[in-house]
Amino acid sequence: MGSETETAPSISVIDFSTNLVPGTPSWDLVKSQVLKAAEECGCFMADFKGIPREVQETMDDALEELYGLPLETKLRNVSEKPYHGYIGQSPLLPLFEGMGFDHPQLYDNVDEFTRLMWPQGYPNFSKTIHQFSKPLAELDQTIRRMIVESLGVEHYVDEFLNSAYYVIRVAKYEAPGTTEKKWGLKTHKDQNVMSILSQNQINGLELQTKDGEWIEVKFSPDHYLVIFGEAFNAWTNGRLYCPYHRVMMSGNKNRYSAGVFSLPNEGYVIKAPKELVDEEHPEAFKPYEFIDYLKQRTKETGKTVEDPLKAYYGV
Ligand SMILES: O=C(O)CCC(=O)C(=O)O
Ligand SMILES: [Fe+2]
């Protein structure tokens, strides 16, 4: 049905601001909205009140302070797993720096990272990161539970929720000082299970719709962008959409973003439950381990692969 005025595509907002209890009508309503967004756009904006405003604001300052540390200090954030530690200083992406660590929903893990950066300790920094990460890890659990229930395989909820761990990744995108857009982060699909992102007041994230149109993502306070990743898509036998996204920067203000990501555990073989495979939905992907996929993709950094998960593991 043609409408007279073209409306720009936008990302749907789903209300997580009330206490949602499984089995209640409000849970079921939100659950259906989540599945629809996951299938049609691979993302949505969660209106979520689990992180107090003052923590959101302190988070912006904390990231600015973290990235203000000398490079040799930031380089102490190392990991043997690809994409888990410090990334930056790349001539291909000169505006970008990223850091991250595992299990940020646990205070002691946050504090270990803090002490790596500030050996004398910095409890306020640890507190802020923890108060940011823990509610988002819980939100991730809620959303993943909703999808699994919606697909009618609720007896897999526990197995699926326990098959992933959390990583926090924080990024700085240096202001290019131009009106023309410069690359902050290359176009990619998230390879993990699910990502929940926030930012300071500076926009720059862009997301591609199924129709190929790019949307500039705008964040409001208490809004967190949920992006479904390839591992979740594989687990649902291809029922979800994974949107391409990128960061494009312009202007004179640095952008800081922070995200809590769920990643499949090491040793866990990602494979759709048999109930999700039938004649109408033949097996979409070969079973695979996340770390193998990550390692293969890292070897090919910079190479663009169309629909990468399908290229590597498509049946
Ligand atoms: O910084 C952002 O807003 C996006 C980060 C992102 O897409 C990622 O880490 O996968
Ligand atoms: Fe991403």
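A residue counts as buried here if 20 or more other C-beta atoms lie within 10 Å of its own, with the C-beta atoms placed from the backbone. Keep that cut-off in mind for β12. And a caution before I go on: this is a predicted model.

So, the strand. β12 runs over 255-264, and 10 of its 10 residues are buried. In a regular strand the side chains alternate between the two faces of the sheet. For β12, one side carries Arg255, Ser257, Gly259, Phe261 and Leu263, and the other carries Tyr256, Ala258, Val260, Ser262 and Pro264. Both faces are covered, as every one of these residues is buried.

Next, the partners. β12 pairs with β5 in the antiparallel sense, over 10 bridges. In that pairing Tyr173 stands opposite Arg255. β7 also pairs with β12 in the antiparallel sense, here over six bridges, and Ser198 stands opposite Ala258.

Now to ligand 1. Which strands each supply at least two residues of the shell around it? They are β5 (164-173), β7 (194-199), β11 (245-249) and β12. The largest share, three residues, comes from β7.

By name, the residues surrounding ligand 1 are Arg169, Ala171, Leu185, Asp190, Ser195, Leu197, Gln199, Leu205, His245, Val247, Ser257 and Gly259.

How do the shell residues divide into nonpolar, polar and charged? Five are nonpolar, five are polar and two are charged.

How values were computed: Residues numbered from 1 in each chain as written. Chains lettered and ligands numbered in written order. Predicted model: local features only at pLDDT ≥ 70, side-chain atom pairs only at ≥ 80, totals over all residues. Near = placed C-beta within 6 Å. Helix = DSSP H or I, 4+ residues; strand = E, 2+ residues; numbered from the N terminus. Nonpolar A, V, L, I, M, F, W, Y, C, P; charged D, E, K, R; others polar. Buried ≥ 20, exposed ≤ 12 C-beta atoms within 10 Å, placed from the backbone. Pairing = 2+ DSSP bridges.
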